[in-house]
Amino acid sequence: MLNECGGDRIVDIGSGSGRPMQLVLTELAKLGLRPQVTLTDLYPSPEADSSPDYWPEPVCATNVPPVLRGVRTLFACFHHFNPPMARAVFRDAFAQRQPICIFEATSRTPPAIAAAFAIPFFVLLPAPRVRPLSSSQIGLTYLVPIMPLLALWDGLVSRLRTYSIVELQALTRDCAEVSAGALQHFLSAWFAALGEKLA
Ligand SMILES: C[S@@+](CC[C@H](N)C(=O)[O-])C[C@H]1O[C@@H](n2cnc3c(N)ncnc32)[C@H](O)[C@@H]1O
């Protein structure tokens, strides 16, 4: 995408701690790409204060400040948006003519949904090795297993909310309306200016 757009800037949306982006940059560097990255979030991470790459103001995916130009990336957060909001995310990128890449680690397929039921084991098995280890952690993992159940719920809901490619394509259909609206706006402004000149 960076090569195709001839850009060297990434605006990461919903960055959270921003750590996954470090992995992405390492992989991009292997391809010889060293883009400039701005991390953003609706709730900027406390680490934002110490990172020059983190935009300090809240940034909503549906209304990214025009000053933040570059390929927009969203890692593991698009499934958090309901359809009207997801549509608005695409509309904003389209209206500002900025490329957008959606990355999800989950999918709404039967194997992925079935695999979610293994999630509690990934909480139960390594829990004793977590450091620092507290008695409440052990209690909420093994005695009253809230932690494994929460992880299962989160994994299951994330999978069920992940958009399919067909749904993502449908969500971008609105962008044609943005185009038509923009063209209509441009033409009416142009005709108004012409009318004033001729009057
Ligand atoms: C599951 S976390 C993903 C964080 C990071 N991208 C990662 O891969 O680790 C989802 C992030 O989306 C952010 N978020 C939620 N609603 C948002 C919105 N409307 N605009 C921008 N970010 C939003 C949350 O604050 C959270 O940091």
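Tutor: The model is predicted; local features need pLDDT of at least 70, side-chain atom pairs count only at pLDDT 80 or more, and totals for chains, interfaces and linings use all residues. Numbering starts from 1 along each chain as its sequence is written.

Student: Why is Gly-16 called partly exposed?
Tutor: The count is of other C-beta atoms, placed from the backbone, within 10 Å of the residue's own: 20 or more means buried, 12 or fewer exposed, and in between partly exposed. Gly-16 has 17 such neighbours, so it counts as partly exposed.

Student: Where does Gly-16 lie, and what does it touch?
Tutor: It lies in the loop between β1 and α2 (19-30). Helices (H or I, at least four residues) and strands (E, at least two) are DSSP runs, numbered from the N terminus. Gly-16 touches Asp-41 and Ser-45, leaving out residues up to four places away in sequence. A contact here means C-beta atoms, placed from the backbone, within 7 Å. Gly-16 and Leu-194 are 178 residues apart in sequence, and their C-alpha atoms are 49 Å apart.

Student: What makes a set of residues a nonpolar core?
Tutor: Its members are buried Ala, Val, Leu, Ile, Met, Phe, Trp, Tyr and Cys residues, joined through C-beta atoms within 7 Å. The largest such core here has 23 residues. Ile-13, Leu-39, Ala-61, Val-64, Leu-74, Val-89 and Phe-90 have the most contacts inside it.

Student: Which elements each supply at least two residues of this core?
Tutor: They are β1 (9-13), β2 (36-39), β3 (71-75) and α3 (83-95). The largest share, 4 residues, comes from α3. Val-89 is in contact with Ala-61, Thr-62 and Phe-81, its neighbours within four places in sequence set aside.

Student: Why is Val-166 called exposed?
Tutor: Val-166 has 8 C-beta neighbours inside 10 Å, so it falls in the exposed class. It is found in helix α8 (residues 165-171). Its C-alpha is 30 Å from that of Leu-31, 135 residues away along the chain.

Student: Why is Arg-69 called partly exposed?
Tutor: It has 15 C-beta neighbours inside 10 Å, so it lands in the partly exposed class. Arg-69 sits in the loop between β2 and β3. It touches Arg-9 and Gln-98, not counting residues up to four places away in sequence.

Student: How do you know that the peptide bond from Arg-131 to Pro-132 is cis?
Tutor: Its omega is near -5°. Pro-132 is in the loop between α5 (119-124) and α6 (135-143).

Student: What is the secondary structure of the protein?
Tutor: It comes to 9 helices and 4 strands. From the N terminus on, the order is α-β-α-β-β-α-β-α-α-α-α-α-α.

Student: How do you know that the protein is more spread out than a compact globule?
Tutor: The globule rule is 2.2 Å times the number of residues to the power 0.38, and the radius of gyration is taken over C-alpha atoms. For 199 residues the rule gives 16 Å; the radius of gyration is 22 Å, well over that, so the protein is more spread out than a compact globule. The C-alpha trace spans about 85 × 35 × 30 Å along its principal axes.

Student: Where are the domains?
Tutor: Domain 1 covers 2-104 + 163-198, and domain 2 covers 108-161. These bounds come from an automatic or database domain assignment. Their C-alpha centres lie 32 Å apart.

Methods. Contact = placed C-beta atoms within 7 Å.
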